[in-house]
Amino acid sequence: MKDPDRGADASEGGASGGKSGASSTAEPRPGRNRGRTSGGPAQARGGRDAPGGNPPQKKRRKRRRGRKVYARDGKPSVESAPSAAAAGPASAPQAGQTRSTPVVEPASTASQTPSIAVSAQPGPTGQGGVRSPRVPDLPVYAALDLGTNNCRLLVAIPQRPGQFRVIDAFSRIVRLGEGLTGSGRLGDAAMDRAVEALKVCADKLRVRQVRKARLIATEACRAADNGTEFIDRVEREAGLRLEIIDRKTEARLAVSGCGSLVERDTHGVVLFDIGGGSSEIALIDVSRHRTPRLANHIVSWTSLPVGVVSLAERFGGRHVTRAVFDAMVAEVAGMLDRFEGRTRLSHLAAGERFHLLGTSGTVTTLAGVHLGLERYDRRRVDGLWMDNANVDAMIEKLLGWDFDQRVANPCIGADRADLVLAGCAILEAIRLHWPSQRLRVADRGLREGMLSELMADDGAWRRNRRRGAFTR
C-alpha cells in the first residue's frame with residue numbers, strides 16, 4: 001500500500017466537453033489533402049468548374065485533438081461532427097478543448113459537487129487521438145481508528161483486487177487514555193483533544209462523499225467507565241458515531257491490514273499490534289492452502305490489557321533504567337504465560353519460513369532509528385526486514401539514551417519519547433515467547449484492514465473488474 005497522505009490529482013476540467021471557440025485561433029496546415037472535402041464535385045475540383053468564374057478557394061486542413069477541421073476563408077468547421085445540441089453530454093470535445101477524466105463520485109451523490117475533486121488517471125490514447133477515461137466512477141471508502149494514543153483516518157478508492165489507493169489521511173496523537181490506568185475514566189482534557197481531532201476527520205469525510213465507512217474506538221473506550229458517554233459526546237459535537245469494537249475484532253482487523261506483507265513462501269507468522277492501552281497478538285498458520293483473507297488463517301489470538309501508555313504510566317517512561325526495563329518485560333511476559341494458545345505454532349516456529357510481523361508505532365520507530373532517518377519515511381519503513389541483531393542493537397541504543405536524546409531523534413520526538421521504551425519492553429516479551437530470526441515491520445494496521453473488508457464486502461473489486469477500471 002502507498003503513503004497514506006498522498007492524494008489524487010484533480011481533473012483539469014469538467015466531465016463533458018464545453019463550448020467551442022479555440023479552433024479559430026489555431027494555425028491551419030495548408031496544402032494537404034486538397035482533393036478531399038465534404039462538399040460537392042465542384043468544390044472538390046477547387047472551383048475550376050464552378051459557375052460565375054469565381055476564383056478557386058484554397059482548402060486547408062488542420063488537426064485538433066484527432067479530428068479533421070477544414071478552414072475556408074478563416075471560418076472553421078468540424079468535418080461530419082454533430083452539433084452540440086444533438087450530441088448531448090457525451091459528445092466529443094470541441095477543437096482546442098481538453099476533455100478531462102470524469103470526477104470520481106459515488107453514484108448516489110453524483111449530482112452534488114464535491115469540495116475536493118478526485119479523478120482517475122486518463123487511459124491510453126484511443127482512436128483519433130482522444131484520451132478515453134478508464135474509470136467512469138469509483139466509490140470512496142473510509143476507515144477511522146480512535147485508539148488510546150492516536151486518532152487516525154484513511155480515505156481510499158479501490159484499485160486492483162486486494163489493493164486500494166489512499167486519497168486522504170489524517171493522524172494525530174491525542175492520548176485519549178491518559179490517566180485511565182489510575183482513575184478508570186477518560187479525563188476531560190484527553191476527551192477534548194480527541195473531539196477536536198475527530199472534528200477534523202468529520203470535515204474530511206463530508207467533502208469526500210464517502211460510500212461506506214467504518215469508525216471504531218478501541219481499548220480506551222472499552223476500558224473506561226465513561227467510554228459510552230464519550231461516544232455520545234462525539235456524536236453530538238463531531239457528528240460521528242463510533243463503534244467500540246471488542247478485542248477479537250481488533251486482532252482480526254490488524255491481520256487483515258497486513259496480508260500483503262506475508263509472502264507466499266511463509267508458513268507461520270506471529271503478528272502483533274502494540275497499542276496504547278492493549279496489545280493484540282495473532283498466530284497465523286499459512287502452511288496449507290492460503291485464502292485471500294489472511295484473517296481466515298488465525299489459529300489462536302490474545303489481547304493483552306497493556307499498551308505503551310498504560311505500561312509507561314505504571315513504570316515510568318521518561319527515566320527508564322535497565323532494572324525498570326527488565327521489570328516491564330517480566331510484567332508482559334507473565335501475561336503471555338497465561339495465554340493458552342501460545343504453542344499453536346510450535347511445529348512451524350523452528351523453521352526458516354516463520355517470522356514475526358509487527359504493526360505499531362514501536363516497531364516503526366525502531367526501524368526509523370535503525371535506518372538513521374533524518375525524517376520518518378513510511379516508504380522505507382513499511383515492509384522492512386530486521387534481524388535479531390538489528391532489533392537488539394536498537395533497543396540497547398534507546399536504553400542508552402536519556403529522555404532528551406529520545407526527544408531529539410526525528411523518528412521519536414516529544415510525543416513518543418516517554419512511550420517508546422515501554423513499547424520495546426512489550427516487543428522484547430513477545431520475542432522471548434516466539435523466538436525468530438526475522439522481524440518484518442508494517443506501517444499499517446486497523447485502518448487498512450477495515451478498508452480491505454469494506455471494499456471486499458461491498459463488491460468494489462468485482463465491479464471494477466467488470467468495468468475494466470484497473471489502471472496499469
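Q: How many helices and strands does the secondary structure of the protein chain come to?
A: The model is predicted, so local features need pLDDT of at least 70 and side-chain atom pairs count only at pLDDT 80 or more, while totals for chains, interfaces and linings use all residues. Residues are numbered from 1 along each chain as its sequence is written, and side-chain values use heavy atoms, with hydrogens and water left out. Helices (H or I, at least four residues) and strands (E, at least two) are DSSP runs, numbered from the N terminus. The protein chain has 18 helices and 17 strands.

Q: What share of the residues of the protein chain count as buried?
A: Buried means under 20% relative accessible area, exposed over 50%, and partly exposed in between, with a 1.4 Å probe and protein chains only. The protein chain has 472 residues, and the share that count as buried is 49%.

Q: In what order do the six strands of the open sheet stand?
A: Two strands pair if DSSP finds at least two bridges between them. The pairing in this open sheet is mixed, and the order is E14-E13-E12-E15-E17-E16.

Q: Which strands stand at the edges of that sheet?
A: An edge strand here has a single partner strand, so one side of it is left without a neighbour in the sheet. From one strand to the next the twist averages 20°. The strands at the edges are E14 and E16 (385-387).

Q: Which residue in E14 is the bridge partner of Glu280?
A: E13 and E14 pair in the antiparallel sense, over six bridges. In E14, the partner of Glu280 is Ser303.

Q: What span should helix H9 have at 1.5 Å a residue?
A: The expected span of a helix is 1.5 Å times one less than its number of residues. H9 covers residues 322-337, which makes 16 residues.

Q: Which helices do the buried residues of H9 pack against?
A: The buried residues of H9 include Phe325, Met328 and Val332. Contact means heavy atoms within 4.5 Å. Besides strands E13 (279-285) and E14 (298-304), the buried residues of H9 pack against helices H8 (308-315), H13 (388-400) and H16 (420-433).

Q: Why does Arg233 count as buried?
A: Arg233 is found in helix H6 (residues 227-238). Leaving aside neighbours within four places in sequence, Arg233 is in contact with Met191, Asp192, Val195 and Ala238. Arg233 counts as buried because its relative accessibility is 17%.

Q: What is the relative accessibility of Gln209?
A: Gln209 is in the loop between helix H4 (188-208) and strand E10 (212-217). Its phi is near 50°, a positive value in a residue other than glycine. Gln209 counts as buried, at a relative accessibility of 9%.

Key
Axes are lines fitted to C-alpha atoms, for helices over the stretch in contact, and angles run from 0 to 180 degrees between N-to-C directions.
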